[in-house]
Amino acid sequence: MNIIGKYESIVADHPKIFLVVLIVITLFLAPNLAQFEFEAGDEDFQPDTEIAEANSMIRDEYGEEGRRVTVISDASGNVLSLHNLLMQVDLEDDLNESDIAEDRLRKTSEAPYGVSSPARLIAQARFIDRAMEEAPTGIGYTTEVISSQPPNGEEDFEDMIRGELMEKANTLTIEEMRTILNGDGDITLEIEGMPFPIEIGFEEPFYPEELNEYEMEFFPLEDILPFLLSEDYDPERQHASKSITGVLIVEGLDDDEILETEKKIQSTARNIEDEETRLRVIGDALIDEEVNEASSTNIGILMPLAFIFVIVVLGIMYRNITDTILNLIALIMAVIWTYGIGVLLGINLGNPMMTTVPVLVIGLGIDYGIHFTSRYREELREGRDVRDAMSRTGTTVGFAILLTTVTTVVGFLSNLGSNISIIRQFGVLCAIGIVSAFILMLTFFPSAKTLIDGWRKKRGKELVKEKTKRRKKKKDKRTFGQKFWSKIGEPETFCEADRDCVNNGLGLGAIAARTPVAVVVVVLLITSVGAYGGLQLEAEYSFTDFLPEDLEVTESVNMFVNEFDFSEETVYIMVEGDVTDPQVLRNVERARDAALASDYAVPARSSETVYNIGEEMFADGTFDDDESESWRKIVEDDEATNEDVELVYSAMMRERREDTERVLKEDHTGTLLRIPVDTEEEKRVKETQEDMENAAEVFGENDLDRVIVTGGPIVSQSTFESINEGQIQTLAITFIIAFLILAGLYLYLGKGPLLGAITILPLVFVITWTFGAMYFFGIPLNPVTVTIAAITVGLGIDFSIHLTQRFNEDTENIPHPECAICVSAGHTGSALFGSAATTIAGFGILSFAVIPPLAQFGQVSALSIFFAFIAAVFVSPTFLLVWYKFKYRNKKE
């Protein structure tokens, strides 16, 4: 009797004590389930790398990258029509009149009301074009009416006029934009030094084709407008079907305030849209809410389906309401234990990835229950009493369940090697669930069953029904197995021990084991195809992948990604150390210019650096005389000192604190360069990173603590690499540890370590088949499906262990190994089939998940379990038979 057999004997002797303990533990853990909410974010999937850590540090110390809500104008006609442009102006107007305008919208020089839209850009362009036509006529005698003659005459005067025009264009009021676009009034332009204002008249409404007539020498209309329009934009016809408007949100809001603000923008947009044009609002908080709601919906769909499935399957398998209810209660308790302990450990249970765990626990718990119950009934039929039957069940199948539990836990805990925290937590939670299911199925069920069967026995009731004897078959109505055995010349008594038709079918693997070369050739051919597909798999990840396909926000996000060339990506060059050295400040300029020279930089979007702020403050005269002199010395490298730099930094903090804090630490121990980029694929991300790292090399001549390049696209690329590396690492760890456990066990049992390798070998094929199937079915490798390798080993080894254990048991009683492997397949066949069917169906339930990666996870998991079952039944017998003949090659028959 082994340890599990002894444990079951103790449980059978003291069932009430064990039941009370289990119930108390469950009642203690149950309230914890109310303490977690569905809450997920992109940061959950960030790897623990220096690049990701630096990116998080930037967000905490310098502020996020300008939170922005995108509003897509989805027009049935031309989005550049006057009607649609005025709709954008109405949106800006209504937001400006709302309760979020004062303290929620971020005003900038380019978006004075916190809204940046094609309508404002076109109104500015139309204003400048018309002003440049009328200004010379209005001035006529410019040099005579100017109160103070510009120092360099007419050239400086034109520059001044342009500067005034740009300033006015950037500060157009909402009513002025309406006037410009409708063409129904005048706009007044006042120029300092002129005795009278200039009236610029607009008499005709805007029409899109006139954009081709504008002469924009100093206004970047042609550079910016295409980024705000969909890819179907035709510059000759000035026609596009969609455009994007940006609503800028202030920093420092908490999560609830951000969500409230984005919902206000959404409701405002819905009040403005009409049948011709739909306004779609995309915001991070709105997306997060949709994902969290989808997760809640997901678990609400999956759990009832899982339990309905459990009831149906157990009812079919057991045909006994008591056993069905006991197994169901044990599974419910296992889920409570899993989540309750997860809450106590501080695991992030709100992530969508965690919604798969209960289904996994239920699927595996059923597996344990079926094997244990089936063997317990078999022992009762052999005449043992309840206590002895429990003990014998624990000694045989219970020990096999222990092995599968250990190897499965190892498989999931191998995810601890991942540098993505949510994958590590997923592995831990799965391990908790598996151990919980193991304890409850081998404790709660035996305790309750002992009490119930003891009560039934005292009343003289039948504990288990005898197997119904099959009617005698006519000779021409033989089973498939009988015909097969007869055809190949083996005695029917070898492997026909009361086996039903299902077992006959599953016994074909044992029969095929007599021709090992043919089996190996077929397996290698299939594996080579799988290997080809697996090598083509590439990691893919976007947090928006977790959006259900039928949601409006999903449609909007996909529209934004697929139909616009607009990029909000930013990479950072973070400099840490003493940045008061004048040479460091000059190198900020050099690094910025080198970074913007990259093919993937977007000059149309402004970069942000401390040097930019200094240039602007010097140009507009914000510096006082001493500060201006210090700036000049820094720029010209004219014996500038650290004190000059500190003076300039202090002026920046005084005059433009909000902008400065985004690029400079207040204690001057670090600075940040924000470089706008546009990356679309892995190759471009790598090249962009190389360009930025080359640009940052200028800081090598300074005595600094650290210079690192990071940012959203680079962190995403790091995630892809972590997924690929993590897959290989967790797979290797799982195989090595599982092999060591099995090899050590079989060495201890006198079977030799080679049997451990034989038991785990089929899973090498299974994993290859699974990855090949993923490629051929178009299922990507992402943070959810990357765990499939460990799951396949952890769950798939269950089948191999049960067959190996039974084969070891049968070879002690049956002299012919060929017959023994057939009998083993027969005894374990229905249990393995039932176990595989329930586990496959359990994971198949995930196919109903509303979150695509979870549905894909369910599909892949079901495939891998199916492959593991096929390998155990049709491949493992060959290797077991070869091993036995090799191991006992000198044994006399």
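Guide: Two elements are in contact here when heavy atoms lie within 4.5 Å. The model is a predicted one.

Visitor: Which strands does helix H4 lie across, and at about what angle does it run to E5?

Guide: Helix H4 comprises residues 82-97. It lies across E1, E2, E5 (242-248) and E6. Relative to E5, helix H4 runs at about 15 degrees.

Visitor: What is the order of the 4 strands in the open sheet?

Guide: The pairing in this sheet is antiparallel. Its edge strands, each pairing on one side only, are E2 (115-116) and E6 (277-282).

Visitor: Which residue in E6 is the bridge partner of isoleucine 72?

Guide: Strand E1 covers residues 68-75 and pairs with E6 in the antiparallel sense over 6 bridges. For isoleucine 72, the bridge partner in E6 is arginine 280.

Visitor: At about what angle does helix H21 run to E6?

Guide: Helix H21, residues 552-563, lies across E1, E5 and E6. Its angle to E6 is about 95 degrees.

Visitor: Why is strand E8 largely enclosed by the rest of the structure?

Guide: Gly670, Leu672, Arg674 and Pro676 point one way from E8, while Thr671, Leu673 and Ile675 point the other way. Residues on both sides are buried, that is, under 20% relative accessible area. Strand E8 is largely enclosed because the number of its residues that are buried is 7 of the 7.

Visitor: Which residue in E8 is the bridge partner of tyrosine 572?

Guide: Strand E7 (residues 570-576) pairs with E8 in the antiparallel sense over 7 bridges. The partner of tyrosine 572 in E8 is arginine 674.

Conventions:
Residues are numbered from 1 along each chain as its sequence is written. This is a predicted model: local features need pLDDT of at least 70, side-chain atom pairs count only at pLDDT 80 or more; totals for chains, interfaces and linings use all residues. Side-chain values use heavy atoms; hydrogens and water are left out. Two strands pair if DSSP finds at least two bridges between them. Helices (H or I, at least four residues) and strands (E, at least two) are DSSP runs, numbered from the N terminus. Axes are lines fitted to C-alpha atoms, for helices over the stretch in contact, and angles run from 0 to 180 degrees between N-to-C directions. Buried means under 20% relative accessible area, exposed over 50%, partly exposed in between (1.4 Å probe, protein chains only).
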